[in-house]
Amino acid sequence: MTHVPDPAPHYTEYDTRLAAYAVIVRDGQLLLALWNEQERKRWTLPGGGVELHETVEEGAVREVREETGYDVRLTELLGIETDVFAAAERAQDTARPLKAVRVFFAAQIVGGRLTAEADGTTDEARWFPLAEVAELSRVSMVDTGLGLLARSEGRGGERG
């Protein structure tokens with residue numbers, strides 16, 4: 001996370017990206033999507049940017065379908081994470097910093113079949129045994145999502 005200058009910019013002086021992700025565990029395996037970010041590929045949770053006309057829940061369900069081919073039912077709101085990125089850290093050429101707001105849900109597969117996204121930000125979707133996730137080249141939100149799921153299960157939350 002980037003240090004925010006003091007005084008912090010007014011909310012009209014930075015961009016905000018709202019995104020929703022699903023943590024889907026079935027039979028001891030986690031569903032991940034291979035993100036094709038610029039020059040390197042890393043595994044991530046299925047999900048992404050919420051469109052202006054969508055609710056956060058609708059965005060999560062749509063993104064999972066696009067990236068994995070599965071239809072899902074969201075079972076629980078696990079938590080929210082925010083990060084701040086300086087303009088120089090952003091992929092696009094801009095002078096504006098970014099506040100990323102990520103919403104995590106537990107989810108269950110209710111239909112569809114595993115397929116790769118066509119012409120999108122991910123190249124492949126795959127199930128991984130939970131014990132192997134730590135060995136993968138992955139984005140930090142995978143660990144965040146798993147941590148939120150473990151915390152939920154520890155307090156008796158519904159499993160995704």
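Colleague: Where does Glu117 lie, is Glu117 buried or exposed, and which residues does Glu117 touch beyond four places away in sequence?

Modeller: Keep in mind that this is a predicted model. The protein chain contains eight strands and two helices, and their order along the sequence is β-β-β-β-β-α-β-β-β-α. Its radius of gyration is 16 Å, close to the 15 Å given by the globule rule for 160 residues, so the chain is as compact as a globular protein of that length. Along the principal axes, the C-alpha atoms fill a box of roughly 50 × 40 × 35 Å.

Glu117 sits in the loop that runs between β7 (98-112) and β8 (122-129). Its relative accessibility is 14%, and because the cut-off for buried is under 20%, Glu117 counts as buried. In the chain overall, 42% of the 160 residues are buried.

Leaving aside residues up to four places away in sequence, Glu117 touches Glu66, Glu67 and Thr122. Arg65 is 52 residues from Glu117 along the chain, and the C-alpha atoms of the two are separated by 8.7 Å. For the chain as a whole, 73% of the contacts with a separation of 6 or more are between residues 24 or more positions apart.

The chain exposes about 8900 Å², with 50% of that supplied by carbon and sulfur atoms.

Note on methods:
Residues are numbered from 1 along each chain as its sequence is written. This is a predicted model: local features need pLDDT of at least 70, side-chain atom pairs count only at pLDDT 80 or more; totals for chains, interfaces and linings use all residues. Side-chain values use heavy atoms; hydrogens and water are left out. Helices (H or I, at least four residues) and strands (E, at least two) are DSSP runs, numbered from the N terminus. The radius of gyration is taken over C-alpha atoms; the globule rule is 2.2 Å times the number of residues to the power 0.38. Buried means under 20% relative accessible area, exposed over 50%, partly exposed in between (1.4 Å probe, protein chains only). Contact means heavy atoms within 4.5 Å. Accessible areas come from the Shrake-Rupley method with a 1.4 Å probe; for residues, only the protein chains shown count as cover.
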